[in-house]
Amino acid sequence: MTEDSKTPLLDQLEEGPWPSFVTEMKRAGEKNEMAKDLLHQLEKSYKNKIGYWKHGGIVGVRGYGGGVIGRYTELPEEFPAIAEFHTFRVNHPSGWFYTTDKLRQLCDVWDKHGSGLTNMHGATGDIILLGAPTDALQPCFDDLAEIDFDLGGSGSDMRTPSCCVGPGRCEFACVDTLDLLHDITNEFQDELHRPMFPYKSKIKISGCANDCVASVARSDFSVIGTWRDEIRMDPDEVANYADGNMDIQAEVVDLCPTGCIKWEAETKTLTIDNGECNRCMHCINLMPKALRPGKDQGATILVGGKAPIVHGALMAWVIVPFMKMEPPYDDFKDFIRTAWEWWDENGKMRERIGELINRLGMRAFLKAMDLPPVPQMISAPRANPYYFWDPEEVK
Amino acid sequence: MTRTDFGPPNYKEMLPPVIKENYGKWKYHERVKPGVLLHVGESGDELYTVRVGSGRLVSTDWIRDICGIAEKFCGGHLRFTSRHNLEFLVSEKEKLEPLIAHLKEEGYAVGGTGHSISNPVHTQGWIHCHTPATDASGIVKAVMDDLFEYFTDWKMPAHCRVSLACCLNMCGAVHCSDIAILGIHRKPPTIDHDIVRSKCEIPNVIAACPTGAIRPDPKAKSLTVTDEKCMYCGNCYTMCPGMPVADPVGDGISIWVGGKISSARTPPKFSRLAIPFLPNNPPRWPEVTDAVRNILETWASHANKHERMGEWIERVGWERFFSLTGIPFSVQLIDDFTLASDTYRSTPAFKW
């Protein structure tokens, strides 16, 4: 090994208890020139404190407009193996559940065509296959199709939706997140593979208000499971928590945001005024053996979540307080299609739906969606007198 | 012709038998010990989950390694979490302790459940992105080596989510995390007029600027930037390769605090700026790891049980957050973007 090919800075990141990505890059580099050059380019970045990837690059596979991220190094003479180093986004199965057979097939395909490096997973949810040359893209996709792995989204399309573990392993789930995800991903394959919108559009599904996929922050359409009836309670199990090491007054009752839960220590009686409960999940989180969501389950639909660019970060806000979520999910699909159509018709280039609603106003959006305004949509009414009337309303 | 539009593999074929049988019929769960969960079905069936930290950037050989473990202990089933951890799903209780012993022997990090620092959600950084102001994987490794005791044990009063994004695009949930590490630039873009002329759609670049700092330059058939209006977000470079903004001296890290996603107790919150700049100092970023540990431990030693970073700060006040952490308050922390006045204090009620 020459002096130049050493990686003294990155080697320091093989120390310490947390799993080392450098070790992984070196493992891949033992059998793959792309991974080796990637390691050495990264060492140069560490030395000079700057990245060496060129701006953009449009590549893809036949029939699709998204799913592959083109990437070229600025230093192809120095690092020829990563002159072209494109990424596949591969659509993950609902809830990131795998059999090892399936993962081994995926590894074999990726070792054949790409760098042998992956992200498990990308932030949106996809499996990231990190780095392949342009010529390898179509053959790699052909082989992925053989093992039933389709591509995910990128660009101005419906991105790969994702969901929490849901009823697969969580007693809090109020929506069959895994089934809904699989259903809509298949329903909207065209919108996923062929970018046709003003900008990206993300859907995320959480089974309850704990929001374990961060849908409220990271998706334009956030589906969060909830219920309309009473929290189910097992009084004996409540007493067991009290007999254990839980201070129910301090840890549960005093932290209830609406003060709707009361604890009678002497009789070990817990009472919930369900009409005042905002279903925040805290009491259920603390006493899962004793408390469960109600039986009349569905979802709240929130719209508009996004990162800061251009006009500031947005958290999705309530548009539909309650929607039943049962197969074939027609109400939800109609909702998404109507919203996309309004956005496609009115959105500027690279304008997220949340920004469009802010620009044209909730009035315009609710009218397009044919939805009534309800107080659940706001945290407070406006504090200024600058509001509009439709001339029709002033006759 | 390759078949298209067939979608992801069907999750139903990926579920372990115990999950198929108890699907949607789980009764409760327990946190057995750090990294280990027990879920019990209405049927009485038990499923143990062992959660393991991952660097997220992994080789195919690592995937094969974990497949081998899942085949030995879990009937060939595993899953990943929304924070990139790995989960082994154990339906035979007698295999639980041998699995944990095997994982520890092989150096895997068991943890990330309950009131722990779980895996930091992070991005591509210098490994694969063209717009970063810092690296992602390296800082996460440095921070998690430093905070490892918090991953493997329950030493905190509540959940604390650490996230990292390498530029203002904030891929991931950095804008709603208890502690967020964000790459920033501090110099306006340089303009290569030849590239702007040949490769950029000028109106779209102008529209991409949040502060209106970009104007057309008809003489040069290019663009001009009003430096005083530019806050270096880099969105023009995202749109136009002729406006590079990365700079080894200008670029670095900002630290944000107090965001949350869950609605438990209090509504979701945005993260707020706490430290406007720390230098990029690879490979170990000591200024960043020190800052994160200081914020984490100040919160952990003062917060009530179940009180997350943002909830604690709202209770004690931002003036107290800055005095307790010893972080200097600088003018960059005062918002001057849209709706800035929402963040001003319109009351004389505050602490000295």
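I began with confidence: chain B averages a pLDDT of 96, and 100% of its residues score at least 70. The model is predicted, and I noted its scores as ipTM 0.96 and pTM 0.97.

H4 of chain A (residues 100–113) packs against H2 of chain B (residues 60–73) at an angle of about 160°, with the axes 10 Å apart. From H4(A) I listed contact residues including A:Leu103, A:Arg104, A:Cys107 and A:Trp110; from H2(B), B:Ile63, B:Arg64, B:Cys67 and B:Glu71 are among them. The residues of this contact divide into six nonpolar, three polar and five charged.

I then turned to the annotation on chain A. The unreviewed UniProt entry places "domain: Nitrite/sulphite reductase 4Fe-4S" on residues 154–369. I found this span to be 33% helix and 18% strand, with its end C-alpha atoms 26 Å apart.

H12 (residues 330–346) and H13 (residues 353–369) pack at about 120°, with their axes 11 Å apart. That angle makes H12(A) oblique to H13(A). I recorded their crossing as right-handed. On H12(A) the contact residues include A:Phe335, A:Trp342 and A:Trp343; on H13(A) they include A:Leu356, A:Arg359, A:Phe365 and A:Met369. By class I have twelve nonpolar, two polar and one charged residues in the contact of H12(A) with H13(A).

Note on methods
Residues are numbered from 1 along each chain as its sequence is written. Chains are lettered from A and ligands numbered from 1 in the order in which they are written. This is a predicted model: local features need pLDDT of at least 70, side-chain atom pairs count only at pLDDT 80 or more; totals for chains, interfaces and linings use all residues. Side-chain values use heavy atoms; hydrogens and water are left out. pLDDT is the predictor's confidence in each residue, from 0 to 100. Axes are lines fitted to C-alpha atoms, for helices over the stretch in contact, and angles run from 0 to 180 degrees between N-to-C directions. Helices (H or I, at least four residues) and strands (E, at least two) are DSSP runs, numbered from the N terminus. Contact means heavy atoms within 4.5 Å. Ala, Val, Leu, Ile, Met, Phe, Trp, Tyr, Cys and Pro count as nonpolar, Asp, Glu, Lys and Arg as charged, and the others, Gly among them, as polar. UniProt positions are given in the numbering used here, feature names are shortened, and annotations may be inferred rather than shown by experiment. Angles under 35 degrees count as roughly parallel, over 145 as roughly antiparallel, 65 to 115 as roughly perpendicular and the rest as oblique. A crossing is left-handed if the near helix is turned anticlockwise from the far one by less than a right angle, and right-handed if clockwise.
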